Amino acid sequence: MLINGSSAEATETPKVVDSKLAAQGFADPPPRGEVTRRHLQRALARTKLLQLDSVNVAVRAHYMPLFSRLGAYSPDLVDAAAWSHRARQPRLLVEYWAHEASLIPVEDWPLLRWRMRDFGGAWRRRGRDLLERSPELINDVLSVVKELGPIGAGGLERELGGGERQGRGPWWNRTDTKRACELLFAMGELTTGTRRGFERLYDLPERVLPAHVLAHDPEDDEAIRALVESSAQALGVATEPDLRDYYRLSPAQSQQAVAELVEDGVLETVAVHGWRQPAYRYAAARLPRKVTGRALLCPFDPLIWERSRAERLFEFRYRIEIYVPEPKRQFGYYVFPFLLNGELVARVDLKADRAAGVLRVPGAFLESGRDPGDTVPELSAALRDMATWLGLDDVVVGDRGDLAKPLGAVNS
């Protein structure tokens, strides 16, 4: 099977891009009226997970992808789905290391047990020395969480500090207590019961997750195959490294799962013009005629978080510049690509100035070859929609970038 990719003529909407956008929910009709839990579930069925990140310069990373797909909604909807204890509405989401720190569907938690047995994988594995060096600390943390949870790392430090306090054992320093919490979270011995602000409050999984989820312990190969299939559903058409990246699998894990899914007919091998590597299409994926509409995308949106794939699909080179010294930044601190009718046509540096009640746009940049006449009014409307959603009164455009002046004129 041959699919036109990003090297196709500019006048042709690449089918692989439309497949990806549809897989990510951008071809779904927007909700009419209030966004509900059902709409949230529909969007999550597309993205599979929401990445968590501590940066709050514009909006928390786990809220924005839903706004990009559903429009204005109450963030309380996500909070209730992820961190609520209300019995009538069982939680839909739980935290774990998936792509990175992520909210995943509760039913997917067992699919990552193999990672829990590996202490969370990657650099998180280094914390396992605490099991041998300070086993008493591990036991003390679990005991306090069992008695007092949900509780934050700071609360645990106070409970475990100060010598033989309340018979809890020796004094533990702040660093080791925090590391113990992180290790136990990575091992699946603790999870997030709720959050206070953005602080994680730890609890025991049996007080957070349903019994049937806790009882499910699939074989590693079965779990990894299910994760790769989820990746394929979320990506539409992808290379094996693309599929691997979605849940940060190893090459060996991903390659075996891909081969098995091809053999079972779940994935189809395809060739994409301009791609050096073989690609795989989720066999049940639908291909829309054309994707229309607009969306601002946060840096951690699953449509663009794998930067090389974004470049292959959209000819859009994107790098987050948070850690780049300000004089060396090309576009800005926290830059949102702008998706318009299936193409990434611009990017804007955004900051929610809550004290002043405005959404600031320090920089606005048009992509090469794009028409500012088409882009400016749509981008202006998208920025105003976002400002309203965030409870801000206005949009204030700065002076950086070739779109700043025309965008500022529209918003003046």
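Modeller: Let's begin with the terms: on a 1 Å grid over the protein atoms alone, a pocket is an open set of points with protein on both sides within 12 Å along at least five of seven lines, while a cavity is a set where a 1.4 Å probe fits but cannot get out; lining residues have an atom within 4 Å of a point. This is a predicted model, so local features need pLDDT of at least 70 and side-chain atom pairs count only at pLDDT 80 or more, though totals for chains, interfaces and linings use all residues. Residues are numbered from 1 along each chain as its sequence is written, and side-chain values use heavy atoms, with hydrogens and water left out.

Colleague: Which residues lie nearest the centre of the second largest pocket?

Modeller: Look for S68, R69, G71, R294 and A295, which are among the 26 residues of its lining. The elements that give two or more residues there are α3 (64-70), β11 (294-296) and α15 (372-389); these labels are DSSP runs numbered from the N terminus, helices being H or I of at least four residues and strands E of at least two. α3 gives the most, with five residues.

Colleague: What volume does the second largest pocket have?

Modeller: About 490 Å³, where volume is the space filled by probe spheres set on the points, and points are joined across faces, edges and corners. Its lining splits into 13 nonpolar, eight polar and five charged residues. Here Ala, Val, Leu, Ile, Met, Phe, Trp, Tyr, Cys and Pro count as nonpolar, Asp, Glu, Lys and Arg as charged, and the others, Gly among them, as polar.

Colleague: And how is the lining of the largest pocket divided by class?

Modeller: It has 11 nonpolar, four polar and 10 charged residues. The volume of the largest pocket is about 650 Å³, and W97, A101, W123, E182 and R200 are the closest to its centre of the 25 residues that line it. At least two lining residues come from each of α8, α9 (174-186) and β7 (199-203). α9 gives the most, with six.

Colleague: Which residues line the second largest cavity?

Modeller: G25, D28, R42, A43, R69 and L70. The elements that give two or more of them are α2 (37-47) and α3. This cavity has a volume of about 40 Å³, and its lining has two nonpolar, one polar and three charged residues. Notice R69: it lines this cavity and also lies near the centre of the second largest pocket.

Colleague: On to helix packing. How do I describe a pair?

Modeller: Two packed helices are described by the angle between their axes and the distance between the axes. Axes are lines fitted to C-alpha atoms, for helices over the stretch in contact, and angles run from 0 to 180 degrees between N-to-C directions. Helix α7 (residues 135-148) and helix α8 (residues 153-160) pack at about 110°, with their axes 10 Å apart. α7 and α8 are therefore roughly perpendicular; under 35 degrees would be roughly parallel, over 145 roughly antiparallel, 65 to 115 is roughly perpendicular and the rest is oblique.

Colleague: Which residues of α7 and α8 meet?

Modeller: L137, D140, V141, V144, V145 and L148 in α7 meet L156, E159 and L160 in α8, contact being heavy atoms within 4.5 Å. That set holds seven nonpolar, no polar and two charged residues.

Colleague: At what angle do α1 and α14 cross?

Modeller: Roughly 130°, with the axes of helix α1 (residues 15-23) and helix α14 (residues 307-314) coming within 9 Å. α1 and α14 are therefore oblique to each other. V16, V17, K20 and L21 in α1 meet R309, L313 and F314 in α14, a contact with five nonpolar, no polar and two charged residues.

Colleague: Last, what should I look for in the backbone?

Modeller: Most residues other than glycine have a negative phi, and most peptide bonds are trans. In this model the peptide bond from G149 to P150 is cis, with omega near 5°, and P150 sits in the loop between α7 and β5 (151-152). K48 has a positive phi, near 75°, in the loop between α2 and β2 (50-51).
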